[in-house]
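Here is a short report on one protein chain. Take a look at the sequence and the model before reading on.

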Amino acid sequence: MFLLTPDLGLLCWMVLCFGILVFILGKFAWPMITGMIEERSNYIEESLKKADEANAALANLKEENAKLLAEAKNERLEMLKEASRLKDQMISDAKTQAIAEANKIMESAKESIQLEKDNAIKDIRTQVAELSVTIAEKILRGELKDAEAQTAMINKYLDEVNVAKS
């Protein structure tokens, strides 16, 4: 029971010790504790601000990354379109060039064939003319063996020439 009902002297000494303890703690410990708590609070606030800034920077990076990806995709599509257009143009140019070359070869072949044909016709005409002259010469020699036949033929041709002039 002694602990439940303390003496007045003990109570004074406890109050005095408690007051000294509060004074010492108030003078030395509480400022350090509150300073550390304040410092810790400031550190936590700064960390939160830095985390918010990092989140904002990350969001910006994500947006920039998305923009870069979209630009790269568009650029790739443009490059594919350009490559396809160039391929089609090259194929078209090659076809046009092949057609032109084929036409040139055809024209050259036609000219060559026409030249050969003309040469063949000239050769045939020359041979026909030579054969005709040879045949005519042989016929005339056969018919003009005597002088009387020669005179009659000359007169006949002169009459034909005179008739043609009239």
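Which residue forms a salt bridge with E82? The report starts there and then turns to the whole chain. Keep in mind that this is a predicted model.

## The salt bridge

The partner of E82 is R85. Their closest N and O atoms are 2.4 Å apart. That falls within the 4 Å cut-off for a salt bridge. In general, side chains of opposite charge can pair when their charged atoms come close. A search of the whole structure finds one salt bridge.

Both R85 and E82 sit in helix α1. They are three residues apart, about one turn of the helix. How open are they to the surroundings? R85 has a relative accessible area of 44%, so it counts as partly exposed. E82 is also partly exposed, because its relative accessibility is 36%.

## The overall shape

The protein chain has two helices and zero strands. Its radius of gyration is 65 Å, whereas the globule rule gives 15 Å for 166 residues. The chain is therefore more spread out than a compact globule. Its C-alpha atoms fill a box of roughly 200 × 35 × 25 Å along the principal axes.

A57 and E148 are 91 residues apart in sequence. In space, their C-alpha atoms are 132 Å apart. A57 belongs to helix α1. With 39% relative accessibility, A57 is partly exposed.

## The surface

How much of the chain is buried? Of its 166 residues, 1% count as buried. The chain exposes about 15,400 Å². Carbon and sulfur atoms supply 65% of that area.

Part of the surface forms a nonpolar patch of about 680 Å². The residues that make this patch are F18, L21, V22, L25, W30, I33 and I37. F18 lies in helix α1, which spans residues 8-143. Is F18 buried or exposed? F18 is exposed, because its relative accessible area is 57% and the cut-off for exposed is over 50%.

## The charges

The protein chain carries 22 positive and 28 negative charges. Where do the two sets lie on average? Their mean positions are 3 Å apart.

Methods. Residues are numbered from 1 along each chain as its sequence is written. This is a predicted model: local features need pLDDT of at least 70, side-chain atom pairs count only at pLDDT 80 or more; totals for chains, interfaces and linings use all residues. Side-chain values use heavy atoms; hydrogens and water are left out. Patches are made of residues with over 30% relative accessible area and no salt bridge: like charges are joined within 9 Å, nonpolar side chains (Val, Leu, Ile, Met, Phe, Trp, Tyr) within 5 Å. Accessible areas come from the Shrake-Rupley method with a 1.4 Å probe; for residues, only the protein chains shown count as cover. A salt bridge is a side-chain nitrogen of Lys or Arg within 4 Å of a carboxyl oxygen of Asp or Glu. Helices (H or I, at least four residues) and strands (E, at least two) are DSSP runs, numbered from the N terminus. Buried means under 20% relative accessible area, exposed over 50%, partly exposed in between (1.4 Å probe, protein chains only). The radius of gyration is taken over C-alpha atoms; the globule rule is 2.2 Å times the number of residues to the power 0.38. Lys and Arg count as positive and Asp and Glu as negative; His and the chain ends are not counted. The place of a charge is taken as NZ of Lys, CZ of Arg, CG of Asp or CD of Glu.
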